Amino acid sequence: MSENISNNALILAILSLNGEIAIQKDYLESGEVPEDEFDDEQEVLDDLEQAFMEFVDVYKARSRNDKDLPSLDELLAGEA
């Protein structure tokens, strides 16, 4: 996969997933999730976190070869 997507697409995917994870966590912690939907919503969060980690792994591998990419910490802090 890492050869098939651009650095920009990879960065946008990571940032988007990070934002969606924050939204999903807030929703789960809000107390607004119906009891019968909580497990499904938790699975959504788990899936988002898994996807995020897969993209992060690709980013880390790519950033070792491309020193122009910001560090992951810089990227997630919005300094990129």
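A compact globule of 80 residues would have a radius of gyration near 12 Å, yet this protein chain comes in at 15 Å; the radius is taken over C-alpha atoms, and the globule rule is 2.2 Å times the number of residues to the power 0.38. The C-alpha trace spans about 45 × 25 × 15 Å along its principal axes. Keep in mind that this is a predicted model, where local features need pLDDT of at least 70, side-chain atom pairs count only at pLDDT 80 or more, and totals for chains, interfaces and linings use all residues. Residues are numbered from 1 along each chain as its sequence is written, and side-chain values use heavy atoms, with hydrogens and water left out.

So what is the chain built from? It has three helices and zero strands, in the order α-α-α along the sequence. Helices (H or I, at least four residues) and strands (E, at least two) are DSSP runs, numbered from the N terminus.

Start with α1. Leu10, Ile11, Ala13, Ile14, Leu17, Ile21, Gln24 and Leu28 are buried in α1, where buried means under 20% relative accessible area, exposed over 50% and partly exposed in between (1.4 Å probe, protein chains only). An α-helix has 3.6 residues a turn, so residues three or four places apart point the same way. The buried residues of α1 pack against α2 and α3.

After α1 comes glycine 31, with a positive phi near 80°. Glutamate 35 sits in the loop between α1 and α2, and this residue is exposed, at 76% relative accessible area. From its C-alpha to that of aspartate 57, 22 residues along the chain, is 34 Å.

Next up is α2, residues 38-65, whose 28 residues reach 41 Å from first C-alpha to last, close to the 40 Å expected. Its buried residues include Leu45, Leu48, Phe52, Phe55 and Tyr59, but also Glu41 and Arg62. They pack against α1 (7-29) and α3 (72-77).

Zooming back out, buried residues make up 29% of the 80 residues. Of the contacts (heavy atoms within 4.5 Å) with a separation of 6 or more, 64% link residues 24 or more positions apart.

Technical notes
Expected span 1.5 Å × (residues − 1).
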